[in-house]
Amino acid sequence: MIDIKDLQAIAADRSNIEVSAHTLVRLKERKIKLADIYKGIDNGIIIEQYPDDKYFPSCLILHFRTNGKPLHFVCSMGNNKVYIITVYEPDLKHWEDNYMNRKETPK
């Protein structure tokens with residue numbers, strides 16, 4: 001499990017943050033700034049944990065940007081690095097209005 005304080009400690013030195021090529025594409029497509037991810041690391045909250053991810057445990061972080069829009073990004077932590085895997089703006093079709101809980105999918 002990732003602890004937000006550990007993640008913040010590693011990411012305090014921004015050179016310890018590696019952004020995937022996939023994330024760079026998504027940032028451009030979605031008009032999201034890398035600075036929003038940095039602020040999300042500093043001020044966001046972990047809303048889901050993925051302890052069994054392929055390379056390192058990862059988590060989903062929620063951050064509300066200065067414009068009030070929610071931001072989700074997935075990051076992992078290992079080898080004294082924080083890896084940003086993907087980023088997106090959550091929508092109310094898939095998330096409750098707090099953007100912290102997924103909506104139940106009909107069966």
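Student: Which residues touch the most other members of the largest nonpolar core, which holds 18 residues?
Tutor: This is a predicted model, in which local features need pLDDT of at least 70 and side-chain atom pairs count only at pLDDT 80 or more, while totals for chains, interfaces and linings use all residues. Residues are numbered from 1 along each chain as its sequence is written, and side-chain values use heavy atoms, leaving out hydrogens and water. A nonpolar core is a set of buried Ala, Val, Leu, Ile, Met, Phe, Trp, Tyr and Cys residues joined through side-chain atoms within 4.5 Å, where buried means under 20% relative accessible area, exposed over 50% and partly exposed in between (1.4 Å probe, protein chains only). In the largest core, the residues that touch the most other members are Leu7, Ile41, Phe73, Cys75, Val82 and Ile84.

Student: Which element gives the largest share of this core?
Tutor: Helices (H or I, at least four residues) and strands (E, at least two) are DSSP runs, numbered from the N terminus. Two or more core residues come from each of H1, H3, strand S3 (58–64), S4 and S5. The largest share, 4 residues, is given by S4.

Student: How many disulfides does the structure hold?
Tutor: A disulfide is a pair of cysteine sulfur atoms within 2.5 Å. The sulfur of Cys75 lies 3.9 Å from that of Cys59, its closest cysteine sulfur, and this is too far for a bond. Cys59 and Cys75 are each buried, Cys59 at a relative accessible area of 0% and Cys75 at 0%. The number of disulfides is 0.

Student: What is the orientation of H1 and H3 to each other?
Tutor: Axes are lines fitted to C-alpha atoms, for helices over the stretch in contact, with angles from 0 to 180 degrees between N-to-C directions; contact means heavy atoms within 4.5 Å. The axes of helix H1 (residues 4–11) and helix H3 (residues 34–43) come within 8 Å and cross at roughly 135°. The contact is made by Ile4, Leu7, Gln8 and Ala11 of H1 with Ile41, Asp42 and Asn43 of H3. Angles under 35 degrees count as roughly parallel, over 145 as roughly antiparallel, 65 to 115 as roughly perpendicular and the rest as oblique, so H1 and H3 are oblique.

Student: Is Asn79, which has a positive phi, buried or exposed?
Tutor: Asn79 is not a glycine, yet its phi is about 55°. Its place is the loop between strand S4 (70–78) and strand S5 (81–88). With a relative accessible area of 64%, Asn79 is exposed.
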